[in-house]
Amino acid sequence: LSPKPQWHTSREDEHFSILGITNHHKPIMSAAAARRRKQLLARKKAQEEAAAEADPVSAKLKKLLEDEDLKEEATAYEALQLAQSQVRKKVHSGDFSGAIDLAYSSSLTILKRGRVSVASQLLTVLATVLRETHTEETDEIIQKIVELNQAHKEAMKGQTGEEANRLQRLQRDWLRRIVQWSSELGKIRYGHFILQELLAQQCWDVSKLVVGSTKDSDEEDELMELKTDAVTHMALAEQPERIVEWLKELPAPTEAETKAGHSCPPADRDALLTRAVLCFCAVENLRDASTLVRSFLEKVEERKADDLTKSYTSKDDGRAPSHIIFCCMLVRICEKDPRTGPLFSWLLRSFKRELDSLYKPQIVQGYTTKIGKIYFNIQPPPSMLNMLENMMGMMGGGAGGMNPAMMQAMMGGMQ
């Protein structure tokens, strides 16, 4: 991984911080300080109540959120309109923190009453406010996002059908906006690990809803996009073992999917493995890329690694190059020095047909271009418009050949 700023320690510390767990005892508050704090909180509460009484809209919103009738759609929509109005009012007055707190608390209350469709609209307002007001990421806000997502899951339990699927997609879209905000204004490159994990899990969960309901190519594309988004964001969450658990759920490659020159796409299990490893390498996380390929070989792959390695260079066994062997070799090459650039180029040529058959190959080519630049100083083509064509031209056509002994030595460290 690229060096992290000094304020960043580890993923575990991030989790503990969100949960309020530290390695230090809190200082003991004196009795006088405790009384003073209690007085200040009481005064603040009194001021808020007085302000609410002075503002009839706020008073009505508070009453609606406390009303048992909030479970009814009409009441929930009235609360939504008032909450949106009050959030906008706070934003216009410069009270950004108050706007965020109101959007959060109102959304949470509505979700707990089971009105997910209404709450989804207010959640979108929250995401918009975070980005438009350039609110910096804090542990407190991350915790609020986690609570809202959990409340959404609880409210959606037992719901099925088209409307439920629509609401789950809306939640996926909301988490995507939140991750974008975190990427722009947070402390971790590409977005907070916890948010990436929430988005990844939501994408995977939605993919399970789509399975079995695919009727045309558009829905099949959506299914694959959900799965690729899931493994990509879980890679950015630095959770290789979670990816392995998902891949264990998928069927093994069929005879048609492993045949040399196959016209069908690779098996989902292989395709998602390769995409995840490419993503890890592209963001300079060789540690988790190595963990993923090792764990895949141990827990998922049924075939023997030695047999797959020999098959990779064989020209007459009728088998397509193995995805796990490609991934193992890629990680090993990236762990070496820039002088292995020619070996990297050969590896891409030998696996070109498989890479081109992956979902959205232009994104895959973007990964390989970045990997070549980072690890081997292979500069991308100067023209952005012709980048992909020029890149493929530089890679060449045929797979060429490689000394099997060299491959065996390279694979030795991965087994």
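Guide: A quick definition to start: buried means under 20% relative accessible area, exposed means over 50%, and partly exposed is whatever falls in between. Keep in mind that this is a predicted model.

With that in hand, let's look at helix α3, which runs over residues 56–66. Its buried residues are Leu61, Leu64 and Leu65. These three sit on the same side of α3, because they cover an arc of only 95° around the axis. The general rule behind this is that an α-helix has 3.6 residues a turn, so residues three or four places apart point the same way.

Staying with α4 for a moment, Gln84 is one of its residues. Is Gln84 buried or exposed? Its relative accessible area is 18%, so Gln84 counts as buried, given that the cut-off for buried is under 20%. If you skip the neighbours within four places in sequence, Gln84 is in contact with Gln121, Leu122 and Val125.

One last stop, away from the helices: the cysteines. The disulfide count comes to zero. Cys281, for instance, is in no disulfide, and the nearest cysteine sulfur, from Cys334, is 4.6 Å away. Cys281 is buried at 0% relative accessibility, while Cys264, at 25%, is partly exposed.

Note on methods: Residues numbered from 1 in each chain as written. Predicted model: local features only at pLDDT ≥ 70, side-chain atom pairs only at ≥ 80, totals over all residues. Heavy atoms only, no water. Buried < 20%, exposed > 50% of the residue type's maximum accessible area, 1.4 Å probe, protein only. Helix = DSSP H or I, 4+ residues; strand = E, 2+ residues; numbered from the N terminus. Arc of directions from axis to C-beta. Contact = heavy atoms within 4.5 Å. Disulfide = S-S within 2.5 Å.
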